[in-house]
Amino acid sequence: MKTIILGAGIIGISTAWHLLERGHEVVVVDRQPDAALETSFANAAQISVSYCEPWANRDAPLKALKWMFDNEAPLLFRPHLDWHQWRWGLQFLAQCNDAAFERNVQQIVALGAYSHAALKDLVSTTGIEYNRLERGIAHFYTDQKSFDAAGHAVELMRKHGVQRRLVSRDELLQIEPAFKAYGDKITGGTYTSTDESGDARVFTQELARRCLERGAQFLYGHDVLRLNKIGDAIDSVAVMARQTSGGGKKDFILKGDAVVVACGSYSAPLLRTVGVDLPIYPGKGYSATFPLLKPEGAPMVSTIDDGKKIAMSRLGNHLRVAGTIELNGYDLSLDSTLARARCHMLSRRIETILPGVCDTRTPEEGGNPQYWTGLRPATPTNIPFIGQTRVGKLWVNAGHGTLGWTHGAGSGKALAELICGERPAMNFGFLGAEAARAPRAVVAA
């Protein structure tokens, strides 16, 4: 069986690997010159099964309204004359209640646990090294109200089998002494020893190399022009090289037994061209990667700062800091006033929490901070779409939001199993299955 995979991020490459293991012929198409150069490039580096609460909760609407005019807000909604943005927003609001929150948590945790096991198997099989740290993930709070609320989240996670626990300030500082300089501001925290961290880009690119060694064909530097549909099924995919030696650009046709759309935020507009309408909308996330000036003072435990909703992870001699979501269309600029404000917030916050540990100087000051932005393919529930569409031969693996790295290995394995007619061993509402999920996909007539 021949499968064409559109997208070479962690989701697409993981899908490719697991299909190859099952004897499939695989072709991977991506517009970039290598794997993991877009959404998977510089994320927060966390494998966070235990820190996966959906964005939609009872407090989200008021917070989002309060944050609308704050350039440094954790979640920033910038309205556009875009029907898809407003529809996504309305569906998001419909999930902002306790019943939906718990229902969504169950599925996200189930996928996370399945995926973490799949990642461990992959690492054991391949021996890939990617600055992996199996030190758990901590989360600290700087006000009593937020710390008190954390207790409810811990109870909910433990109900679904996640061993997240409350810790006092003193215990948190024992788990990660790097925060002692900021300790008087910390009220308390939570900690999960089973979570971990590592570089998603390095892992994905190494896994892609192993896919190539196993016979996968990679069409890097190729744009997907269209999905060609005949009747109720996909007949072929038209692609075109971005650069050709002869100077002229020509499209050509790829045919296969199955087509997998794993293009992150760009999955939704591509799928709509053949009548599959999924509520996936881009959330612009930011990260900064700083060289360490004092490696001995940098954290080894990946940590979430609740005050600014940012995550920090040690990657060798660098610290990756990531956070904030901006619902602002497909804009990827880093030079706008808004983007600069959000990037500089990351620098200032790290200097406040870990003074002098990282080189947070701007280029004008002689520093070399690696700022980055990427589009998180978000669904209103934060549950991704994994499975078969109503269009024949067309499959989807997209909508993972900020959890693409956490859910990547398992999402790829699960979709490979589905394509092969197997049922993944987890309680999850796969697209095309009878299990209910909300909101449902809408397929145009």
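This is a predicted model: local features need pLDDT of at least 70, side-chain atom pairs count only at pLDDT 80 or more; totals for chains, interfaces and linings use all residues.

Visitor: What is the volume of the second largest cavity, and how many of its lining residues are charged?

Guide: The volume of the second largest cavity is about 30 Å³. By class, its lining has four nonpolar and two polar residues, and the number of charged residues is three.

Visitor: Which element gives the largest share of the lining of the largest cavity?

Guide: The largest cavity has a volume of about 40 Å³. Its lining consists of His84, Arg87, Trp88, Arg272, Leu278, Pro279, Ile280 and Tyr281. By class these are five nonpolar, one polar and two charged residues. The largest share, three residues, comes from H3.

Visitor: Arginine 87 has a salt bridge partner; how many residues apart are the two?

Guide: The side chain of arginine 87 meets that of aspartate 277 in a salt bridge, 2.8 Å from N to O. Arginine 87 lies in helix H3 (residues 83–94) and aspartate 277 in strand E14 (residues 276–277), so the pair links distant parts of the chain, and the separation is 190 residues.

Visitor: Are aspartate 277 and arginine 87 buried or exposed?

Guide: The cut-off for buried is under 20% relative accessible area. By that cut-off, aspartate 277 and arginine 87 are both buried.

Visitor: Aspartate 184 and lysine 185 also form a salt bridge; why does aspartate 184 count as exposed?

Guide: The closest N and O atoms of aspartate 184 and lysine 185 are 3.8 Å apart. Lysine 185, at 46% relative accessibility, counts as partly exposed. Exposed requires a relative accessible area over 50%. Aspartate 184 counts as exposed because its relative accessible area is 58%.

Visitor: How many salt bridges does a search of the whole structure find?

Guide: Side chains of opposite charge can pair when their charged atoms come close. One network of salt bridges links Arg22, Glu417 and Glu422. For the whole structure, the number of salt bridges found is 24.

Visitor: How many disulfides are there, and which cysteine has the sulfur nearest to that of cysteine 96?

Guide: A search of the whole structure gives zero disulfides. Cysteine 96 is therefore in none, since a disulfide needs sulfur atoms within 2.5 Å and its nearest cysteine sulfur is 17 Å away, in cysteine 52.

Visitor: What is the relative accessibility of cysteine 96, and what is that of cysteine 420?

Guide: Cysteine 96 counts as buried, at 12% relative accessibility. Cysteine 420 is in no disulfide either, and the nearest cysteine sulfur, that of cysteine 211, is 14 Å away. Cysteine 420 counts as partly exposed, and its relative accessibility is 31%.

Visitor: Which element gives the most to the lining of the second largest pocket?

Guide: The second largest pocket holds about 800 Å³ of space. Of its 47 lining residues, Glu38, Thr39, Cys263, Gly264 and Tyr266 are the closest to its centre. The elements that give two or more residues include helix H1 (10–21), strand E10 (222–230) and helix H10 (404–419). The most, six residues, comes from E19.

Visitor: How many residues in the lining of the second largest pocket are charged?

Guide: By class, 22 of the lining residues are nonpolar and 19 are polar. The number of charged residues in the lining is six.

Visitor: What radius of gyration does the protein have?

Guide: The C-alpha trace spans about 65 × 50 × 45 Å along its principal axes. For 445 residues, a compact globule would have a radius of gyration near 22 Å, and the protein agrees with this, its own value being 21 Å.

Note on methods: Residues are numbered from 1 along each chain as its sequence is written. Side-chain values use heavy atoms; hydrogens and water are left out. On a 1 Å grid over the protein atoms alone, a cavity is a set of points where a 1.4 Å probe fits but cannot get out, and a pocket is an open set with protein on both sides within 12 Å along at least five of seven lines; lining residues have an atom within 4 Å of a point. Grid points are joined across faces, edges and corners, and a volume is the space filled by probe spheres set on the points. Helices (H or I, at least four residues) and strands (E, at least two) are DSSP runs, numbered from the N terminus. Ala, Val, Leu, Ile, Met, Phe, Trp, Tyr, Cys and Pro count as nonpolar, Asp, Glu, Lys and Arg as charged, and the others, Gly among them, as polar. A salt bridge is a side-chain nitrogen of Lys or Arg within 4 Å of a carboxyl oxygen of Asp or Glu. Buried means under 20% relative accessible area, exposed over 50%, partly exposed in between (1.4 Å probe, protein chains only). The radius of gyration is taken over C-alpha atoms; the globule rule is 2.2 Å times the number of residues to the power 0.38.
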